[in-house]
Structures are given as structure tokens and as C-alpha cells.
Amino acid sequence: MTSSTTSGGLARFNALEEHAAYAALHEACASAAWAHRLLTRRPYATTDDLFAESDVATAGLTDTDLDEAMAGHPPIGRPKPGDPTSSREQRGMAGASEELKAEMLELNLAYQEKFGHVFLICATGRTGEQMRDAVRERIGNAPGQEREIVRTELGKINRIRLARLVEEDAPV
């Protein structure tokens with residue numbers, strides 16, 4: 001969602017009490033630094049302004065902040081039980097074969113052993129096979145290169161989640 005004017009959902013977000021707005025942001029991204037930065041820059045005139053601030057905040061995350069953000073994401077193929085966000089985002093794995101799910105588990109574990117964190121990808125709109133292919137490709141990356149890819153993927157996820165947060169009829 002992009003807009004040159006304040007939508008009803010964005011106006012509602014801007015008007016939230018600080019603790020409620022922080023909780024909503026922390027639900028979108030588990031990095032306290034990211035949520036705090038977006039919170040302190042309210043109100044936002046447009047969703048584009050909110051997205052731009054999210055991009056700046058994501059780019060500015062320290063390694064510790066990035067680790068905190070990644071800790072809020074379940075492994076691909078294993079969404080958090082009862083969490084509609086991770087289930088929706090990982091929908092491409094929902095109908096995957098047992099063989100593909102087992103392969104993803106194996107790849108996730110190998111990736112985590114190499115890099116020390118969960119494999120993070122913007123899974124929205126991707127098939128299970130596309131996610132498998134991405135982890136296969138990225139597991140060969142150098143750690144520094146992979147962290148920058150993770151940061152880019154986190155930025156995409158944050159934008160999608162913020163868009164849902166400020167939808168006209170989204171509950172906050």
C-alpha cells in the first residue's frame with residue numbers, strides 16, 4: 001500500500017497510545033531498536049513515509065539488533081503454532097510434500113549451524129521449491145554477504161507487515 005495521503009489505518013496507527021503502537025511494531029519486527037525508531041518518528045504523513053523510515057531503521061540495525069529481529073522469525077516450513085502471520089507468510093510450504101518439508105528441515109539446520117541464525121527470506125508469494133532453492137543457494141555465501149541479504153529480506157518482510165498494520169480495516 002502506498003499513498004500520498006494519510007489513510008484511515010495510518011491515522012489510527014499514528015493515534016495509538018505509545019505502548020499499543022510499540023506492541024504493534026514489535027509484532028511486525030522483533031527488533032526493539034527498529035520498533036523504537038519507528039515509534040519515535042510518529043506521526044507519519046503517508047505510508048510511504050512509514051516505509052522509508054522502516055528502511056532507514058532496518059539499514060541501521062546493529063548485528064545484535066539484527067539477531068533480535070531474526071529471533072522473532074520461525075524456520076521456513078515450521079510457522080509458529082497459532083500465529084496467523086507466519087502461517088500466511090509461509091503459505092508456500094503449506095502444501096509441500098513430506099519430502100520437501102524434510103529437506104527444508106535439513107537445510108534449515110545446516111544453514112543455522114553455519115550462520116548461527118534462522119534462514120530468513122521474504123516467503124510471501126514464494127513456493128516451497130523456491131524457498132528450498134534459495135536456502136541451497138545462500139548456504140554457500142560468506143557470513144558477511146549473508147547478513148546483508150538477511151537485512152534486505154527483513155526489510156521486505158517489515159514493509160509487508162507494516163502495510164497490513166496500516167490497512168484501512170486492520171485490527172491493531
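## Reading a predicted model, step by step

A: Let's start with a quick tally: this model is predicted, and the number of disulfides in it comes to 0.

Q: What is a disulfide, anyway?
A: A disulfide is a covalent bond between the sulfur atoms of two cysteines. Here the count is 0. Cysteines do turn up, though: Cys29 counts as buried, at 1% relative accessibility, and Cys122 counts as buried too, at 9%.

Q: Which residues of helix 3 are buried?
A: Helix 3 covers residues 32-40, and Trp34, Ala35, Leu38 and Leu39 are buried there. Look down the helix axis: these buried residues fall within an arc of 130°, so they line one face of helix 3.

Q: What do the buried residues of helix 3 pack against?
A: They pack against helix 2 (18-28), helix 4 (47-59) and helix 10 (143-165). For a close-up from another residue, pick Leu25: among the residues it touches, leaving out those up to four places away in sequence, are Trp34, Ala35, Leu38 and Leu39. Leu25 also touches Phe13, Leu162 and Leu165.

Q: How many residues does the largest nonpolar core have?
A: It has 44 residues, and those with the most contacts inside it include Phe13, Leu25, Trp34 and Leu38. Several helices each supply at least two residues of this core, including helix 1 (8-15), helix 5 (63-71) and helix 9 (128-138). Helix 10 gives the most, with 6 residues.

Q: How is a pair of aromatic rings described?
A: By the distance of the centres and the angle of the planes. This structure holds 2 aromatic pairs. Tyr111 and Phe115 make a tilted one, 4.6 Å centre to centre with 45° between the planes. Both lie in helix 8, 4 residues apart, which is about one turn of the helix. Tyr111 and Phe119 have ring centres 5.1 Å apart and planes at 80°, so that pair is edge-to-face.

Q: What sits over the ring of Phe13?
A: The charged end of Arg42 does, 5.6 Å from the ring centre.

Q: How far apart in space are Ala52 and Arg159?
A: They are 107 residues apart in sequence, but 9.2 Å apart in space, going C-alpha to C-alpha. Ala52 lies in helix 4 and, at 37% relative accessibility, counts as partly exposed.

Technical notes
Residues are numbered from 1 along each chain as its sequence is written. This is a predicted model: local features need pLDDT of at least 70, side-chain atom pairs count only at pLDDT 80 or more; totals for chains, interfaces and linings use all residues. Side-chain values use heavy atoms; hydrogens and water are left out. Buried means under 20% relative accessible area, exposed over 50%, partly exposed in between (1.4 Å probe, protein chains only). The arc is that of the directions from the helix axis to the C-beta atoms. Contact means heavy atoms within 4.5 Å. A disulfide is a pair of cysteine sulfur atoms within 2.5 Å. A nonpolar core is a set of buried Ala, Val, Leu, Ile, Met, Phe, Trp, Tyr and Cys residues joined through side-chain atoms within 4.5 Å. Rings of Phe, Tyr and Trp (its six-membered ring) pair if their centres lie within 6.5 Å; planes under 30 degrees apart count as stacked, over 60 as edge-to-face and the rest as tilted. A charge sits over a ring if NZ of Lys or CZ of Arg is within 6 Å of the ring centre and within 35 degrees of the ring normal.
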